[in-house]
Amino acid sequence: MFDALRARISRHVFNWFPAYWGTGGRITHIAPDWQEVWIELPLNWRTKNYVGTTYGGSMYGAVDPVYMMMLIRTLGEEYVVWDKEAEIRFKKPGRDTLYATFRLPDEELDAIRAALERTDSTDRVYSVDLVDEEGVTHATVRKTLHVTTDQGKAA
């Protein structure tokens with residue numbers, strides 16, 4: 001119960017954090033264990049571009065910090081996580097609210113820990129789709145995250 005409350009509070013804090021609020025995105029769900037996060041990105045005055053579709057910067061910005069935050073929360077304080085690389089592929093203009101679901105299965109967390117037993121750092125690649133209500137993909141974001149246990153290392 002405490003983890004669920006903490007996740008709910010984190011969701012509200014995250015949504016009001018100025019850098020994230022500015023994207024127009026909104027986190028709608030954080031699992032108590034931080035292994036699943038949902039976001040939505042409505043088409044409105046804050047997210048609309050010159051031609052009336054969802055601004056690409058809003059698409060990217062709304063998903064940018066999520067996998068990093070998930071890894072920080074699930075791996076624990078002894079791990080350091082940095083963004084290393086990102087790519088966005090636009091597939092279709094956003095004309096309605098877009099949604100993304102992020103998942104970190106136990107197997108992925110185990111793989112990171114195992115890799116860091118053998119080496120100083122590991123790079124992990126994650127993809128997430130921004131989809132409409134019917135599940136049609138409008139953009140795919142690919143993120144490379146650098147994970148280490150050495151506090152002095154950066155990506």
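Does Tyr67 count as buried or exposed, and at what relative accessibility? In this predicted model, Tyr67 counts as buried, at 6% relative accessibility.

Three aromatic pairs turn up in a search of the whole structure. In one of them, Tyr67 and Phe102 meet edge-to-face, because their planes stand at 75° with the ring centres 5.1 Å apart. Since Tyr67 belongs to helix α4 and Phe102 to strand β4, this pair ties together parts that are 35 residues apart in sequence. Phe102 is itself buried, with a relative accessible area of 0%. Tyr67 also pairs with Tyr126, this time in a stacked arrangement, with 4.8 Å from centre to centre and 20° between the planes. Here the partner comes from strand β5 (residues 121–131), so the pair links helix α4 to a part 59 residues apart in sequence. Tyr126 is buried as well, its relative accessible area being 8%. Together, Tyr67, Phe102 and Tyr126 make up one aromatic cluster.

The largest nonpolar core holds 33 residues, and Phe102 is listed with Val37, Ile39 and Leu71 as having the most contacts inside it. Helix α4 (residues 66–75) gives the most to this core, contributing five residues. Beyond its neighbours up to four places away in sequence, Phe102 touches several residues, including Val37, Ile39, Val63, Met70 and Val128.

Glu36 is another residue touched by Phe102, and it is found in strand β2 (residues 36–41). Its side chain joins that of Trp38 through a polar contact of 2.9 Å. With residues up to four places away set aside, Glu36 also touches His29, Ile30 and Ala31, among others. Strand β2 pairs with β1 (residues 26–30) in the antiparallel sense over four bridges, and Glu40 in β2 is the bridge partner of Arg26. The hairpin of these strands has five residues between them, and Trp34 there takes a positive phi near 65°.

Thr54, in the loop between β2 and α3 (56–63), is buried, with a relative accessible area of 4%. Its contacts outside the four-place neighbourhood include Leu41, Met59, Asp96 and Leu98. Pro105 sits in the loop between β4 (98–103) and α5 (106–118), and is partly exposed at a relative accessible area of 39%. Finally, the charged end of Arg46 sits over the ring of Trp21, 3.9 Å from its centre.

Key
Residues are numbered from 1 along each chain as its sequence is written. This is a predicted model: local features need pLDDT of at least 70, side-chain atom pairs count only at pLDDT 80 or more; totals for chains, interfaces and linings use all residues. Side-chain values use heavy atoms; hydrogens and water are left out. A nonpolar core is a set of buried Ala, Val, Leu, Ile, Met, Phe, Trp, Tyr and Cys residues joined through side-chain atoms within 4.5 Å. Buried means under 20% relative accessible area, exposed over 50%, partly exposed in between (1.4 Å probe, protein chains only). Helices (H or I, at least four residues) and strands (E, at least two) are DSSP runs, numbered from the N terminus. Contact means heavy atoms within 4.5 Å. A polar contact is a pair of N or O atoms within 3.5 Å; within protein, one must be able to donate a hydrogen and the other to accept it, and residues adjacent in sequence count only if both atoms are side-chain atoms. Two strands pair if DSSP finds at least two bridges between them. Rings of Phe, Tyr and Trp (its six-membered ring) pair if their centres lie within 6.5 Å; planes under 30 degrees apart count as stacked, over 60 as edge-to-face and the rest as tilted. A charge sits over a ring if NZ of Lys or CZ of Arg is within 6 Å of the ring centre and within 35 degrees of the ring normal.
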